[in-house]
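Morning, everyone. Please look at the screen, and I'll take you through two topics.

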Amino acid sequence: MIRLNDILSKVSAYNPTADLDIVRKAYVYCAKVHQGQTRLSGEPYLVHPMEVSAILADLKLDVPSVVTGLLHDTVEDTLATIEELTEMFGEEVANLVNGVTKIGKIHFKTKEESQAENFRKMLLAMSDDIRVILIKLADRLHNMRTLQYQPEVKQRAIARETLDIYAPIAHRLGIQWVKSELEDLSFRYLDPQVYYDLASKVSMKKKEREAYIEQVKSVISEKLAEHGIRGEVSGRSKHLYSIYRKMVKRNVDIDQIYDLTAIRVLVEDIRSCYEILGLVHSNWKPIPGRFKDYIAMPKGNMYQSLHTTVIGPTGERMEVQIRTEEMHRVAEAGIAAHWKYKDGKGYDEREVKRFAWLRQLLEWQQELQDSKEFMDSVKVELFPEEVYVFTPKGDVKSFPKGSTPIDFAYSIHSDIGHRCVGAKVDGKLVPLKHELKNGEIVEVITSPHHTPSKDWLKIVKSSRARNRIKAWIKTEERKRSISLGKEICEKEFRRYSLNFAKLQKGGDIKRVAADFGLNGEDDLMAAIGYGKLSCLQVVGKLVPHEKLEVPKEKAESRVERIFSRLTGKPSSAIQIGGVDDVMVRFGKCCNPLPGDEIVGFITRGRGVTVHSSDCAIAQGSDPERRIEVAWSKDKKSVLPVKIRVACHDQKGVLANISQAITNCEANITSAHIQSTVDRMGVNVFEVEVTDLEHLRKVMNSILKQPGVTQVERLRS
C-alpha cells in the first residue's frame, strides 16, 4: 500500500519548492471523510485516493492536481461539499474536484446516448482545465488495476469503455505508459483466454529476448563510443495488446511476429539523432518503407522520434527508436511534460494550441446533436493513423489515413471544401478520390458554382470534412423541403377554397405552426415537405371539422389502395410513434422483417421508409429525419425477403428446396438459378414470410435437404 511519505517524496523529487503542507492537510481530510468506507477488495477506501494521487505524482503534475487526487471522490461519496473544499483548499482545487465529479453523472435513455453525453461532459471539463482529464485517467488506471473485484459483467463493460475511450485519450495526450497499461488491462478482461495464452508465450521467450537485447545494445554502444557520441541505449518488449493487434492485423501467430522488441537510443541533441540513424543503417540493413521521421513531422500529440526497422543480428526484424532526452520525456508524459511549476501559472497555454484535435472535439460537441454522429467523429479523432502532406507554401497538415483532396480542402476552409472540383498532387491532376500519401504536395482547384455531393461522404475520412458536408446537405434538404411543403399546401388549400398567400399574410400559417409546437412558417413547410406532417392536418386547423368529413368507408379503401399501389404491403405492419396519416415503405436495401430491430426515416413527399437498424443506408441518413417506429403486435403481414442457397448441382435438389419452402407455408415470388464450373449451384430465392422466426424456420428446413451446403439471408 502506498504511504503519504511516498507521495511527498515523489512530488519533492520533481518540484523541490512544492507546498507539501496542503498535501498533508488533504490526506488528513480524505482519511476523515472516507473513514469506515471500504472497497470491494475489503481494503479501506482511503487506498484508492492515495493510489490516484501517487499516479498523478508519477506524471509529475502540480500540487493542486496531486491534492485533487486525494479529494476527487469526497463530494460524490461523502458528505463533503464544494463550498467546504473551497474554504479549506482554495478555489483551484475545488474546481478540479468539481470537474472530475461532474464527468459521467447523467444517465440517458440508450447506451449510445449515455456514452456520447458522458464524453461531451468530459470534453467540457477538459476545456475549462485539461488537468481534469489527467486526474480522471489516473482514477481509471487504478480502478483498472483493481478490476478483479468487480462482477464479470461489470468487468467487461468497464474494460470496453476504457479501451474505446480512456486509452485513446491517454494516447492523444501523449501519455504512452498510461495508454499501454490501460490497453493491456482492458485486453486481460475482454479476452482473458487470448491474453493469458499470449502472456505465456511471450514469457517463454523472455530469456532469449533479453540476451538478444543485450547483444544489440552492446553493438550500438560500441558505435556511439567510436564516434564520440554520448547516449543511452535501452531495450524493451512491446506490450501485449500491441503484439495482439499486430497478430490480428497480419493474421499470423506470435511466432511470425518478429519485431517484439524495440531498441531505444537517447542522445543530447537532434543532430546526434540523425548521426545514429546513419550508423544503425550502415550496420544493419533497413527495411524499405519502415522509416518514420517524427522529429521533422511530429505526431499530433507532440511525439517526436526517429523510427526505423532493420534486419537485426539474427536475421529478424528489429525496431530502433532514436530521440533526445527531452523528446523521451514528452513521449512518456505527453501533455503532462509541459507543466509549469516555478511561476505558479499551471499549464502553458502555448502548448494547448498544439492540440487541434481537442479544439475540434470541443467544437463538434456543440455542433453535433446526434449521439451516433458525435461518437463517430470522436472515434476518427481518437484513432488516427496519420498521413502528412504539404500545402504549396510548405506547411504540414496531418489527416487520417485514406484521406482525399476533399479532406485537404475542408481543412483550409469550409467554402474551399464546398467549391472543390479537383486537385493537383505533386503538380499532377488527380481525381478527388485519390488517397493522400506522406510527403505529397497538395493544391486544391475550386469553382465558384460547384457544390458538395452526397457521394463525397463515401470517400472522405476526416471528421471535419464529413461534418461540413453533412451540414451543407442538411441545409439544402431543408430548403428543398420548405419549397416542396409550400407547393403541396398551395395545391391542397385550393381544394378547400383557401388562399395560401392570404393566410400567410394574415399570420394564420404562423399560428398553425405554433399549434404544432414549431418555431415558424418555414419549420411548418419543412415538416410537410419531409412528410412529418400531412397537409390535411394543417387544413384541419384552418377549416371547420364538418367540412372535412369524408365517408369512412371511402377514405379507408383509398388509403389501402395507395399503400397497396406504392408498397405492395399493408400499412398495419408498422406502428409510427407520434405521426398519423403517413404512408409507409420498406427499404429495399435491407428488407426488414418483424423481429428485426428497425428505424424509420421521413422521406420527402413519400412518407416513412423503414430500415433495419444496422442498415448502412439508414446509418448514413440525416438524423433529423429519424422517427420512432415499431412492428405492430396486433396484425401480421407477409413481407418479401431474399435468401441465397448454395448446393451441389445434382438431380432433384431444386425440387427438394422448393418443397421445403412450401412445407413451411412460405411462397416463392422469384428465383434466380445459376451453376458454377465446379458443379455447384448458387440460387437466390425471394420468398414471402411473416417474421424473423418464420424465415429461420424456412432456412433450417432448406438446410436439411440433401446436397444443400449453405443458406443465408440477403440484405439487398
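I'll cover a pair of helices, then the cysteines. Keep in mind that this is a predicted model.

Helices first. Find H10, residues 152-172, and H11, residues 176-190. How far apart are the axes of H10 and H11? The answer is 9 Å, and the two helices pack at an angle of about 160 degrees. Angles over 145 degrees count as roughly antiparallel, so that is what H10 is to H11. The crossing of H10 and H11 is left-handed.

Now the residues that meet. On the H10 side we have Gln155, Arg156, Ala159, Arg160, Thr162, Leu163, Tyr166, Ala167, Ala170 and His171. H11 brings Gln176, Val178, Lys179, Leu182, Glu183, Ser186, Tyr189 and Leu190. Sorted by class, the contact of H10 with H11 holds 9 nonpolar, 5 polar and 4 charged residues.

On to the cysteines. A disulfide is a covalent bond joining the sulfur atoms of two cysteines. How many disulfides does the count give? It comes to 0. The cut-off here is 2.5 Å between cysteine sulfur atoms.

Take Cys535. Its closest cysteine sulfur is in Cys489, and the separation is 3.8 Å, so that is too far for a bond. Is Cys535 buried or exposed? Its relative accessibility is 7%, so Cys535 counts as buried.

Now Cys615. The closest cysteine sulfur belongs to Cys589, at 3.5 Å, and that is also too far for a bond. Cys615 has 7% relative accessibility, so it counts as buried.

That's my part. Over to you.

Terms used. Residues numbered from 1 in each chain as written. Predicted model: local features only at pLDDT ≥ 70, side-chain atom pairs only at ≥ 80, totals over all residues. Heavy atoms only, no water. Axes fitted to C-alpha atoms, helices over the stretch in contact; angles between N-to-C directions. Helix = DSSP H or I, 4+ residues; strand = E, 2+ residues; numbered from the N terminus. Parallel < 35°, antiparallel > 145°, perpendicular 65-115°, else oblique. Left-handed = near helix turned anticlockwise from the far one by under 90°. Contact = heavy atoms within 4.5 Å. Nonpolar A, V, L, I, M, F, W, Y, C, P; charged D, E, K, R; others polar. Buried < 20%, exposed > 50% of the residue type's maximum accessible area, 1.4 Å probe, protein only.
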